[in-house]
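I opened this notebook to record what I looked up in the structure. The entries follow the order in which I consulted it.

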Amino acid sequence: MGMHHPERTIAPVWPETVITMRGIGIGATSELVTEELGGETDPAVVSRIYAKTGGLPLLSKAVVTSARDHGRIVQHNGVWRQATASFWNDDLIPLIDGILTDYEPEVCALVRSVAELGEVALDIATERFDARLTQLACDYGLIRLTQTGLGGALQVWPRMFSDRYQRSTIPLSTIWKHESALVPTDLSPEVEGASLASLSQLFREHERRTVTATFAAWEAAPNPTTAGAYIVEALGVPQERERIVRVFAETAVELEDASSTSFEFVVQQANWLAFEEQRETDCRDLLESYGTLHPEWRAAAGAAGRAISLMVGSGVEIPKTEQDDEPTGFVRLERAVRALISGDTEAAREFADWTPTKQVSKATSTTVTAMADLIDGRLDAALGAAERLMNQGEYHKLRGAYISGCYVAALANYDLGRRTAYQGVLNSVLLVGRPQYLFQAFYAALLQLHALDQGRGGSSSLRGALLRESERLQSRPGPCFGMGVDFATTVAVERQAPLLFDQHIAASVRRRRELGYLVGAAQQALYGLQYHLGANTAHEFQRVVRRLKTPGFDHASALIELLQSDTVDGLTRWADGVRKAPYNASTVRLVLSAARSETDEHRRETLERIGRSLGSDRVVAEWPNHAGLEPEGEAPGPLLTNREHQIALLAGRLSNTDIAERLSLSPRTVENHLARAMRKAGVTNRHALFEAAAHSSGR
């Protein structure tokens with residue numbers, strides 16, 4: 001029957017056993033692609049090649065070589081990036097045909113039929129195709145089940161085989177007619193891979209069609225209406241940059257024109273200036289000029305400018321007067337976002353309760369609500385809202401909605417301890433691609449989370465490429481966690497140097513607090529404390545939490561307060577309260593962080609016992625890179641208690657006897673406190689301990 005396949009091992013007795021080799025994974029694919037191209041590669045290129053080839057090395061290498069040779073991948077500013085909508089070239093036909101000739105003609109015919117359709121709903125496939133041949137093709141690994149928000153279907157795998165035969169694109173909406181009870185709720189890695197490839201195809205094909213159509217419409221009639229339609233689709237697509245510049249340059253827009261079409265086009269120009277050209281001042285000047293000329297648009301133009309500045313990292317700006325009554329919804333959106341990142345989640349929900357407009361969609365309102373639930377610690381509600389956003393984004397081909405949903409889903413799954421779901425969300429982000437500019441910060445943050453999740457065993461080339469792309473898109477601190485490269489860089493470089501790690505994370509938290517990004521500051525501190533419970537970071541965390549109106553950080557704040565005391569009774573009572581609340585893996589990680597570096601044996605045992613009662617075994621098993629299980633480097637130290645900190649400061653100028661007399665303690669007690677404090681701080685003498693304590697006091 002089936003002949004030998006270069007990517008497959010067949011047992012001697014056929015057909016009792018078929019072992020299909022899996023692909024090499026996205027990290028190893030990144031290494032292969034980088035080596036083949038001989039330079040840094042855009043993570044989006046790696047993810048697309050992985051989606052198209054399933055990670056099969058032979059096919060991956062052939063696709064990379066062909067795409068480079070035909071100019072579909074080009075080097076721009078030292079980075080290999082995608083230059084065309086597709087990687088397909090006809091020189092791949094002999095390789096794919098050679099692979100398929102190893103199989104029965106009937107199976108090849110079935111593969112071709114499914115490939116030409118793109119995807120076939122399960123119930124339609126049952127009616128149309130022979131069940132035995134379908135099962136045989138599935139056994140070979142040539143056809144797999146995929147799933148999106150619309151149901152289940154069969155598709156050819158890897159997707160590059162589908163490109164071999166697919167000469168016309170059939171919208172998925174014409175294929176996904178019915179839901180099927182056969183769709184599993186828990187997807188295997190193979191099914192998940194097929195689903196991600198389908199997702200990538202969905203957005204890429206829609207992008208290709210709409211960008212082509214809207215640009216053609218603009219060329220036929222260049223005016224603000226056709227230009228605006230094209231810009232909406234093209235913003236964020238790297239290979240459209242030159243045409244976007246041309247459309248802006250050649251579209252005649254009079255600032256004196258007060259129509260809504262002209263206003264929308266001006267806002268698009270402002271976005272381009274701020275996000276792509278890094279000319280925020282020119283962006284704000286353009287909007288201010290338009291608002292001055294047209295008082296009816298002044299409030300909306302001002303709100304749009306403040307929102308843009310907020311997202312690019314310039315901080316929170318409070319207008320002199322607040323106005324709600326304007327037709328675009330920009331003012332309510334800006335006020336909702338401002339309330340959200342200041343920790344006033346109730347006000348954010350109130351402002352987000354708006355009627356959708358042409359400029360501000362319902363998906364944007366849902367994003368604010370989902371973020372509010374996430375910040376408040378209502379993780380199941382946040383995850384439900386995130387899934388609705390992702391479904392809306394997928395159905396309507398809205399990258400912004402999909403990526404913002406992914407951001408909330410990633411952080412909610414992280415806090416819920418759902419590692420597989422967390423990784424699935426991160427993988428889907430790369431395949432969907434960069435969204436429009438106001439959502440770009442979410443995308444950049446997700447690239448950082450993806451890089452951090454690679455861990456010490458992941459691909460160094462992929463991790464580096466993800467961090468560099470994130471920095472290119474959002475180098476400055478943003479309003480939420482992961483926006484700005486300082487956290488990921490500190491984790492990557494200084495995680496094994498506790499004092500430097502603590503100082504740098506605390507500085508990044510302080511920077512966000514000063515910009516008004518209070519929630520981002522609290523999130524940054526909390527995530528840092530899960531790696532290393534440092535005094536500087538803890539101090540900054542407590543400063544921020546006191547200004548927040550959300551209860552989402554209360555458990556962590558209470559634990560840090562207790563860790564600064566000398567008793568353990570409060571820790572036990574704290575744990576009783578936490579057990580009554582919904583499960584939060586980040587709280588468990590914080591307990592683990594405290595326990596792993598606690599030098600007092602009794603306190604350490606208490607924290608370890610509390611951690612086990614809260615589910616630490618599960619966290620350690622699923623998140624080893626986030627549970628302190630990396631042996632190299634110096635062991636991080638926890639917070640000094642208030643007494644230890646007090647004695648450390650006095651140790652710089654007083655003897656143990658003098659300290660004991662001043663604090664009404666015995667010299668032996670002072671000596672014990674100093675010994676514990678030195679072990680925690682990772683220092684070996686009084687002077688170094690004093691320096692560390694003085695630094696934390698001077699925050």
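Is Gln278 buried or exposed, and at what relative accessibility? I looked this up in the model, which is a predicted one. Gln278 has a relative accessibility of 56% and therefore counts as exposed, since the cut-off for exposed is over 50%.

**Entry: Gln278 and its loop**

I then checked the backbone at this position. Gln278 has a phi near 55°, which is a positive value in a residue other than glycine. I located Gln278 in the loop between α13 and α14, the latter covering residues 280–293.

**Entry: Leu273**

Next I followed the contacts of Gln278 to Leu273, which touches Gln278. Leu273 has its place in helix α13. Its relative accessible area is 12%, so I noted Leu273 as buried; the cut-off for buried is under 20%. Leaving aside residues up to four places away in sequence, I listed the residues that Leu273 touches as Gln278, Arg279, Glu280, Asp282, Cys283 and Leu286. I also looked up one C-alpha separation: Leu273 and Arg284 are 11 residues apart along the chain, and their C-alpha atoms are separated by 9.2 Å.

**Entry: α12 against α13**

I turned to the packing of α13. Helix α12 (residues 241–250) packs against helix α13 (residues 260–276) at an angle of about 135°, and the axes are 12 Å apart. The two helices α12 and α13 are therefore oblique to each other. I recorded the crossing of α12 past α13 as left-handed. From α12, the contact uses Arg241, Ile244, Val245 and Phe248; from α13, it uses Phe265, Gln268, Gln269, Trp272 and Glu276. I sorted the residues of this contact between α12 and α13 into five nonpolar, two polar and two charged.

Which phi value does Lys397 have? I found it near 60°, again a positive value in a residue other than glycine. Lys397 lies in the loop that runs between α19 (379–396) and α20 (399–416). With a relative accessible area of 23%, Lys397 is partly exposed.

**Entry: a cis peptide bond**

I looked up the peptide bond between Trp157 and Pro158 and found it to be cis, with omega at about -5°. Pro158 is found in the loop between β7 (151–156) and α8 (159–165).

**Entry: α17 against α18**

I examined another helix pair. Helix α17 (residues 345–352) and helix α18 (residues 362–376) have axes that come within 9 Å and cross at roughly 165°. That angle makes α17 roughly antiparallel to α18, because the class takes angles over 145 degrees. I noted that α17 passes α18 in a left-handed crossing. On the α17 side, the contact is made by Thr345, Ala348, Arg349 and Ala352; on the α18 side, by Ser365, Val368, Thr369, Ala372, Asp373, Ile375 and Asp376. The residues of the contact of α17 with α18 fall into five nonpolar, three polar and three charged.

**Entry: α25 against α26**

At what angle do the axes of α25 and α26 cross? For helix α25 (residues 498–515) and helix α26 (residues 518–531), I found a crossing of roughly 165°, with the axes coming within 7 Å. This makes α25 roughly antiparallel to α26. The crossing of α25 past α26 is left-handed. In α25, I listed Phe501, Ile505, Ser508, Val509, Arg512 and Arg513; these meet Leu518, Gly520, Ala521, Gln524, Ala525, Gly528 and Tyr531 in α26. The residues of the contact of α25 with α26 comprise seven nonpolar, four polar and two charged.

**Entry: Arg596**

I located Arg596 in helix α30 (residues 585–597). Its relative accessibility is 27%, so Arg596 counts as partly exposed. The C-alpha atoms of Arg596 and Glu608 are separated by 8.2 Å, and these residues are 12 apart along the chain.

**Entry: the chain as a whole**

The chain has 36 helices and seven strands. Of its 699 residues, 56% are buried. Among contacts with a separation of 6 or more, residues 24 or more positions apart account for 69%. The chain exposes about 28,800 Å², of which carbon and sulfur atoms supply 52%.

Definitions and conventions:
Residues numbered from 1 in each chain as written. Predicted model: local features only at pLDDT ≥ 70, side-chain atom pairs only at ≥ 80, totals over all residues. Heavy atoms only, no water. Helix = DSSP H or I, 4+ residues; strand = E, 2+ residues; numbered from the N terminus. Buried < 20%, exposed > 50% of the residue type's maximum accessible area, 1.4 Å probe, protein only. Contact = heavy atoms within 4.5 Å. Areas by Shrake-Rupley, 256 points an atom, 1.4 Å probe, with all protein chains shown as cover. Axes fitted to C-alpha atoms, helices over the stretch in contact; angles between N-to-C directions. Parallel < 35°, antiparallel > 145°, perpendicular 65-115°, else oblique. Left-handed = near helix turned anticlockwise from the far one by under 90°. Nonpolar A, V, L, I, M, F, W, Y, C, P; charged D, E, K, R; others polar.
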